[in-house]
Amino acid sequence: MHRFGRGAALPASPWSPLARRSFTRKAAMGKVVQQRLRSQRDQLAGVPRPRATPRSGPSGPSPVPVSPSAPPTLFPSPVHALNLPAEPTQTPVETAEGRHPESQVSLAHNPRPMPAPESVASGGHRIEWFSDPFLLSDRIHTLLQHGGGHRLYIENLVMRHKGAANTQVFGTLIAGMAKVDSVLALKFFREMKARGLTPTPQTYTVVLMMYSKQVNAALTSSDLVKAHLADALNVWDEVKQSGLASTIHLNSILTVCSTASKFGGLQRAMEIYKEAIDNSAESKPFDVDIVTFTIMIRLLSSSRKDPTTILETDFVNSGLRPDEALVNAVLIYLNSTRITNDRRRLRAYAAAAFNLPLAPTTKATYISTPILDLLEANRDHMELSSQTLDVILRSVLKSRQPLTVLAVSDHLLAHKRANLVDEGVARTIVQAYVESGRLEDGAAFLHAIAHPLTRFTHARGRTGFTVADELWTTLAAAAVPLISPFDSKAWTKRTLDLVASSSAHPDAQPASSGPLDRVVMRTAANVALVLGHAGQLPEVKIAGARFAALWAPYLVQCFGRGKQKQVSGRGNVNFVTWMIQLAAGSLKGAIQAGEAAVREHFGRRTIPTRSRLKDKGVVVDEVEALKLAHACPDFVCVEELDEWRASGLMFSRILVKLEAKPEVASTQKEL
């Protein structure tokens, strides 16, 4: 990298060695610049260029000639011997200013040089020029490390460097810019091809993956998706014609087609896939791999087509070994159908691949023999993940087989694989304990996985209610109606301890995840169900009513956020609506139970006012009100009952608005 222009001030002594070197360097640069300008004028005028004669003497051979389109270089390097592409003819503009010749060409495509960002930050105007492609690529990589803040300067830097901006420079630029601005990265890709440069295989891969992101971001516009898909297919054809196509490019274009499956991508993906697996083709520059089959299985699953035909024919003939991602794609499809036989097939696949105790008596009835042998032979090479385990257990639970889910849970704990139990798996297992009625065993299970759940909670940085609180209150909400009030004391006491803790306050809930947090909503609903049950003591019901009134503003805020999601179309709107309806119904029931307990206690007597209780020395603040010792009916005043009624009215209005939506009932049935 060299610095041109007027330069910095000379040292104090004008005859110092540093001053003499600086003067000599500037004089030599000016001489080279004049030679380049004279050469350009002669070339445009048609004057033949005289042949250069090598100099003799101690000075040695003549220096390396400088390209008219590249900045002057006084110190040749091996990089100058690179075979750079020819530059277009440029018309020089003669000015009296001492600028670099490359900034004097009258092309709109060649912008005025911009000063370096570091120089501007310090109040300077230093212009960067590069003759070495490696240095230019390294500079672009350094600028991209700071995000997209310097994208305008990067664009200016590349557009005004004709000689040094080669294939590797554009590859670095496109790969780095793809993480920041895919639109600008595709612009540089088109500029690269306009200059006659051939992209590298890595650049083609980055461009295809960028088109996948573009299609995913434009799914709401069918015309835009089709345009991006057509551009990606053109790039794929270009890769094949250049002879650089590989399996990675095949998987990339299949990913683009999979993203645009509803806009013609399915048909194009099937054509490309059949061409790739066609063994009768004369020339096959690439082969399919395990990722190719996984993409195709997921594509067919999303299009509601059975992907097991590909698995049982093409995959078996390919000689590849199955992995966990491939089996997971098949299991997701079998879990998404409503056919009973597919759920049996899912259990057969899962048992053969991961050796879980859930297979039917004869696996060969639901799975072909070649696939069965292939899965069992490669069982040791497939690692079961939490995501795949959750798919398996949810499918088994939908089949009304909670005992099978519990058998898998015991199998995991017996083989010391509790690390597979994450948030989703734990919810499914706890629900199986609830459906089977083994609530005490469910509490023992939560105690056994307390460490993994705590680690998961700390990794998320949660405050307020945790996943363990949600799961435990789920068991408590199912246990209290089934057992006697005496036997439910332990469940009620732990719920009251949770309500009295600081984590139960709405202000303690995580603000980063937003008010529509599943853990928060489900825990609040479960607490209201436990404390508002008809068999509870009056003090417990009053504590539940106070808890519900405290959470009323939070739920109203959730309802407003749910309406915003419905308007914007982001997120699972039906699931959010169902959560709000569940919490509103539970909290409203707790308020009604608490109000009924207070009126039953006073009977025909007059309920005291807050000032009268204060005269008696009864002052209960918001924190102490949730404790059982201060939940006595005699500590409830008329003003507090009015606050309960107002909160109950809020819940009623929310429920009336939500019950008018038919999609809520369908979502509740699915969940």
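Figure 1. The structure holds four cavities of 30 Å³ or more, in a model that is predicted. The largest cavity has a volume of about 50 Å³. Its lining consists of Leu-311, Phe-315, Pro-322, Leu-326, Val-327, Tyr-349, Ile-371, Leu-374 and Leu-375. Two or more of the lining residues come from each of helix H12 (308-318), helix H13 (324-336) and helix H15 (369-377). H15 gives the most to the lining of the largest cavity, with three residues. By class, the lining of the largest cavity comprises nine nonpolar residues, with no polar and no charged ones.

**Figure 2. Close-up of the contact between H13 and helix H16 (residues 386-398).** The axes of H13 and H16 come within 10 Å and cross at roughly 25°. Because angles under 35 degrees count as roughly parallel, H13 and H16 are roughly parallel to each other. Their crossing is left-handed. From H13, the contact is made by Glu-324, Asn-328, Leu-331, Ile-332 and Asn-335. From H16, Gln-387, Thr-388, Val-391, Ile-392, Arg-394, Ser-395 and Lys-398 take part. The residues of the contact of H13 with H16 divide into four nonpolar, five polar and three charged. H13 also gives two or more residues to the lining of the largest cavity.

**Figure 3. Close-up of the contact between helix H3 (residues 133-144) and helix H5 (residues 167-177).** The axes of H3 and H5 come within 9 Å and cross at roughly 5°. This angle makes H3 roughly parallel to H5. H3 contributes Pro-133, Leu-136, Ser-137, Ile-140, His-141 and Leu-144 to the contact. H5 contributes Gln-168, Val-169, Thr-172, Leu-173, Gly-176 and Met-177. In the contact of H3 with H5, seven residues are nonpolar, five are polar and none is charged.

**Figure 4. Close-up of the contact between helix H6 (residues 182-194) and helix H7 (residues 201-217).** The axes of H6 and H7 come within 10 Å and cross at roughly 140°. Only angles over 145 degrees count as roughly antiparallel, and H6 and H7 are therefore oblique to each other. H6 passes H7 in a left-handed crossing. On H6, the residues of the contact are Ser-182, Val-183, Ala-185, Leu-186, Phe-189 and Met-192. On H7, they are Thr-203, Tyr-204, Val-207, Met-210, Tyr-211 and Gln-214. The contact of H6 with H7 has nine nonpolar and three polar residues, and no charged ones.

Note on methods: Residues numbered from 1 in each chain as written. Predicted model: local features only at pLDDT ≥ 70, side-chain atom pairs only at ≥ 80, totals over all residues. Heavy atoms only, no water. 1 Å grid on protein atoms, 1.4 Å probe; cavity = no way out; pocket = protein on both sides within 12 Å on 5 of 7 lines; lining within 4 Å. Points joined across faces, edges and corners; volume = space filled by probe spheres on them. Helix = DSSP H or I, 4+ residues; strand = E, 2+ residues; numbered from the N terminus. Nonpolar A, V, L, I, M, F, W, Y, C, P; charged D, E, K, R; others polar. Axes fitted to C-alpha atoms, helices over the stretch in contact; angles between N-to-C directions. Parallel < 35°, antiparallel > 145°, perpendicular 65-115°, else oblique. Left-handed = near helix turned anticlockwise from the far one by under 90°. Contact = heavy atoms within 4.5 Å.
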